[in-house]
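Could you have a look at this structure with me?

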Amino acid sequence: MTNLQNINTSEQSLGEVKYYSTRVVIKGLNEEGNLWYNLCNTCKSKVFIINGIAKYSKCSKDNPEYSLRYLIKLRVEDISAIAIFTVFDNEVEKLIGMPVTNLEKIKASNIEDYNDIIINISDKKMIFSVNVQDKQYENQTFRSITVQSIKEGSDEVIEIEPKRIKLEEL
Ligand SMILES: [Zn+2]
């Protein structure tokens, strides 16, 4: 296990990818807005819907066929630091417990149920395998941490409750 402080600050050259496992507590989503985007079925790039018309996919078709994919920024922490993890489709589905098309329907039909589902993501302690890469954007270097997988069963409560003495035992 590597703590977040080390993941955030370890020496790394541009283009290099490093892999870590880390045990963290999920604090919530890092931003408001949709937890998904539209992916072009042909070129696998993002599709933007403007006035009901799908545009700007790389293959530059008008109204390309597209499907919904999860994509979220997750705020996590451990005792050493906080960090933002990028989480893609399959791993988000594991966190939320349902496919993106189901969640989209719930958001459209019952916003309270939807909010409950979002709140439920938080305060879980989990083990993530992540890959870490330094990227450049507008002359700034930033560290990008992407979740590769979530360890099965890692949301079990890890803290051990203090043993309670039953009255009968006294
Ligand atoms: Zn396309």
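1. Let's begin with the largest nonpolar core, which has 19 residues. A nonpolar core here is a set of buried Ala, Val, Leu, Ile, Met, Phe, Trp, Tyr and Cys residues joined through C-beta atoms within 7 Å. Those with the most contacts inside this core are Ile-72, Ala-83, Phe-85, Val-87 and Phe-128. At least two core residues each come from α1 (4–9), β5 (66–77), β6 (82–88), α3 (100–109), β7 (125–137) and β8 (140–150). The largest share, four residues, is supplied by β5. As background, nonpolar side chains in soluble globular proteins tend to be buried together.

2. A word on where this comes from. You're looking at a predicted model, in which local features need pLDDT of at least 70 and side-chain atom pairs count only at pLDDT 80 or more, while totals for chains, interfaces and linings use all residues. Residues are numbered from 1 along each chain as its sequence is written.

3. Now pick out Phe-85, in strand β6. Is Phe-85 buried or exposed? Phe-85 counts as buried because it has 22 C-beta neighbours inside 10 Å. The cut-offs: buried takes 20 or more other C-beta atoms within 10 Å of the residue's own, exposed is 12 or fewer, and partly exposed is in between, with C-beta atoms placed from the backbone.

4. Which residues does Phe-85 touch, leaving aside neighbours within four places in sequence? They are Leu-74, Val-76, Phe-128, Val-130, Ile-145 and Val-147. Contact means that the two C-beta atoms, placed from the backbone, lie within 7 Å. Take Phe-128 from that list: it is 43 residues from Phe-85 in sequence, and their C-alpha atoms are 9.7 Å apart.

5. Next, the strand pairing, where two strands pair if DSSP finds at least two bridges between them. Strand β1 (residues 17–29) runs antiparallel to β7, and nine bridges join them. Val-17 stands opposite Gln-133 in β7. β1 also pairs with β5, again antiparallel, over four bridges. Here Leu-29 has Leu-74 of β5 as its bridge partner.

6. Finally, zoom out. The protein has four helices and eight strands, where helices (H or I, at least four residues) and strands (E, at least two) are DSSP runs numbered from the N terminus. Reading from the N terminus, the order is α-β-β-β-β-β-β-α-α-α-β-β. Of the 170 residues, 15% are buried. Among contacts with a separation of 6 or more, 58% link residues 24 or more positions apart.
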